[in-house]
Each structure stands twice: as C-alpha cells, then as structure tokens.
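Please walk me through this protein model.

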Amino acid sequence: MDNSAAQSAAPRSASGLLNGLAGVVIFSGSLPATRLALQDFEPGFLTYARATLAAAVALVLLAVRREALPPRAHAAGLATTACGVVVGFPLLTALALQHITAARSIVFLGLLPLATALFAVVRGGERPRPAFWLFSLAGSALVAGFALGQPAAASATGDLLMLAAVAVCGLGYAEGARLSRKLGGWQVICWALVVALPVMAAGAVYSFPSSAAAIHPTAWAALGYVSLFSMLIGFIFWYRGLAIGGIAAVGQLQLLQPLLGLMLSALLLHESIGTAMLATTAGVILCVAGAKRFA
C-alpha cells in the first residue's frame, strides 16, 4: 500500500472503530434492560413489541428520506439479517434470561466477536491473518474467564439458549454489514425491521398483556430502551462501523460490551469496580488492538 492509499484508509479505519464503539456502548445496556423488562412482560411480547416499535420509527425514517425499495436481489440477505438480529437474538436472550442472570449471560457475549468473525469469513469474504484468530480467542477467553468468576447461577437451558443467540446474532451482524456496503448502514437495519414488521406486529397484538395498567413504568422504560436504542439506533452506528472498518476487525469491539455493562452497573447501581475488572479491561483492549492490526 502506497502512502496516499494508507492516508486515505486511516480515516476510514478510525471512523469504523468510532462508529462500532458507539454501537457497542449502546448495546451494553441491552441485557440489563431486557432483564428489567421481563419482570412485567412475557418474552414473546417483549420480542414482538421491541421490533414493532423500532419498525414504526424505521418506516418514518425511510419515508422522510424517500428511500427507494432495495433491489430484489438483497431480499434474502435482509431476511437473514432480520432473522438474526430482529427476531432470533432478542427472543433467545429473553428466553435465556428466564433461566440465568444477566451477569451469567455476559459469559456468552464474550463469544460474539468470534462468531461475528467466523461469519465474516463465510458471508463477508474476509480473510484475517492467523494472528488475528489468536488475539480474538485470547480476548474471548479473558472476557469469559472474568464473567465465569462472577457469582451467578447456572442453567443448562439458559446456557444453550445463549449459545444459540450468539450464533444467530453473529450471522445477523455479518450479513447486515455485508449489505451495508451496498445499501448503507441505517438503511439495512430499517429495511430488516420492515421485513419482519408484519409478523412482529401481529405477535405484539396477540400477546399484548391483559393487565397493561398494572405494568410498572420502569418496565415500559426498559421496553423503550431495547426498542429504540438496542433495536435501531445502536445498529445504525454498528453496521456503519462494520461496513467501513471491516467486519472481523470492528467486530472485536464487542469484547468490550460485557465489561461496559458491568461498569454501567457500577455507575447506576453503585457496585464496586475491582482490580480484576480493570486488569481484564486492559487485556481486552490489547486484544482488540492486536486483532485490528492483523485483520
């Protein structure tokens, strides 16, 4: 790569990382908010409602921007994206969180970067160097090891549901990022939400709680967060970051998501941040930097 090419690539790489980091920060509150919403909502309604609300906003965005319908050739990709991140991950995590704590689910979020990288090879055509996989595995091991050290109850059912959630989410991330290079980041998540809207809206109406007046405002607020931020705004940043910075490389930022979630808990719930968390964070940052270098 000559100097001019390197100079032009540097801003794109930085922009990809910044957009990806913004998405990860937003996503870090998803599981705690989901756990909070599940105190008053059933998993099915929560999944349907969050997608329906996000799709309503997406339709307004598409209409205001006068976006043309995506080419028919991208229909399968949008459907795959919708199955992964609009339906699969929210539903599977909501079901899992009925069996395990949000803290234990952090173990599995540490595997998301690896799953995303694997699908980046299969669906995105990326070919990271061998050193990338070493850093990716090391980062995943650090996060999983730290999370396993936290006190949390185990459940085979919850663990298997989280493993399935990680797999479908990795596919949805990689497929959405591949489409973002052609359609644009915010357009992909908006169209994916629209694709899923008929089914999700029907499910939301059918499963609407009979005692809605008794639902605590905190649960409604949590539903609002996972609908607007986790389901839409976070993906606008995330898919843009993956598209311009590389799926495998930017995907490693997900290693920070569990740690950001724990830090968020410390800030909001006044939980202590120990030296183990700080050491793990430092190690993860090094792994992210190393993976980015060899992606």
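## Met 200 and its contacts

Met 200 touches Thr 47, Tyr 48, Ala 51, Thr 52, Val 86 and Val 87, leaving out residues up to four places away in sequence. The model is predicted. Met 200 sits in helix H9, which covers residues 185-206. Is Met 200 buried or exposed? Its relative accessible area is 2%, under the 20% cut-off, so Met 200 counts as buried.

Take one of these partners, Tyr 48. Met 200 and Tyr 48 are 152 residues apart in sequence. In space, their C-alpha atoms are 4.7 Å apart.

## Ala 196, also in H9

Ala 196 is another residue of helix H9. Its relative accessibility is 7%, so Ala 196 counts as buried. Setting aside neighbours within four places in sequence, Ala 196 is in contact with Ala 82 and Val 86. Val 86 is also on the list for Met 200.

Leu 78 gives a further distance to check. Ala 196 and Leu 78 are 118 residues apart in sequence. From C-alpha to C-alpha, Ala 196 and Leu 78 are 9.5 Å apart.

## The whole protein

What is the protein built from: how many helices, and how many strands? There are 13 helices and zero strands. Read along the sequence, the pattern is α-α-α-α-α-α-α-α-α-α-α-α-α.

The protein has 295 residues, and 51% of them count as buried. Now consider contacts between residues at least 6 apart in sequence. Of these, 90% join residues at least 24 apart.

## H3 against H10

Helix H3 spans residues 43-64, and helix H10 spans residues 217-245. Their axes come within 9 Å and cross at roughly 55°. That angle lies between 35 and 65 degrees, so H3 and H10 are oblique to each other. The crossing of H3 past H10 is right-handed.

Which residues make this contact? From H3 come Phe 45, Leu 46, Ala 49, Arg 50, Ala 51, Leu 53, Ala 54, Val 57, Ala 58 and Leu 61. From H10 come Leu 223, Val 226, Ser 227, Leu 228, Ser 230, Met 231 and Leu 232. The residues of the contact of H3 with H10 divide into 14 nonpolar, two polar and one charged.

## H2 against H10

Helix H2 covers residues 30-37. H2 packs with H10 at an angle of about 145°, and their axes are 8 Å apart. The crossing of H2 and H10 is left-handed.

H2 contributes Ser 30, Ala 33, Thr 34, Leu 36 and Ala 37 to the contact. H10 contributes Thr 218, Ala 219, Ala 222, Leu 223, Tyr 225, Val 226 and Ser 230. In this contact of H2 with H10, eight residues are nonpolar, four are polar and none is charged.

## H4 against H10

The axes of H4 and H10 come within 13 Å and cross at roughly 135°. That angle makes H4 oblique to H10. H4 passes H10 in a right-handed crossing.

On the H4 side, the contact involves Thr 81, Val 85, Val 86 and Pro 90. On the H10 side, it involves Met 231, Phe 235 and Tyr 239. Six residues of the contact of H4 with H10 are nonpolar, one is polar and none is charged.

## The loop between H3 and H4

Helix H4 covers 75-96, and Arg 66 lies in the loop between H3 and H4. Arg 66 has a relative accessibility of 77%, so Arg 66 counts as exposed. Its phi is near 55°, a positive value in a residue other than glycine.

His 74 lies in the loop between H3 and H4 as well. With a relative accessible area of 14%, His 74 is buried. Beyond residues up to four places away in sequence, His 74 touches Leu 179, Lys 182 and Leu 183.

## Helix H8 and its end

Helix H8 runs over residues 156-183 and has 28 residues. How far does H8 reach from its first C-alpha to its last? The span is 40 Å, close to the 40 Å expected at 1.5 Å a residue. Gly 184 follows H8, and its phi is positive, near 105°.

Key:
Residues numbered from 1 in each chain as written. Predicted model: local features only at pLDDT ≥ 70, side-chain atom pairs only at ≥ 80, totals over all residues. Heavy atoms only, no water. Helix = DSSP H or I, 4+ residues; strand = E, 2+ residues; numbered from the N terminus. Expected span 1.5 Å × (residues − 1). Axes fitted to C-alpha atoms, helices over the stretch in contact; angles between N-to-C directions. Parallel < 35°, antiparallel > 145°, perpendicular 65-115°, else oblique. Left-handed = near helix turned anticlockwise from the far one by under 90°. Contact = heavy atoms within 4.5 Å. Nonpolar A, V, L, I, M, F, W, Y, C, P; charged D, E, K, R; others polar. Buried < 20%, exposed > 50% of the residue type's maximum accessible area, 1.4 Å probe, protein only.
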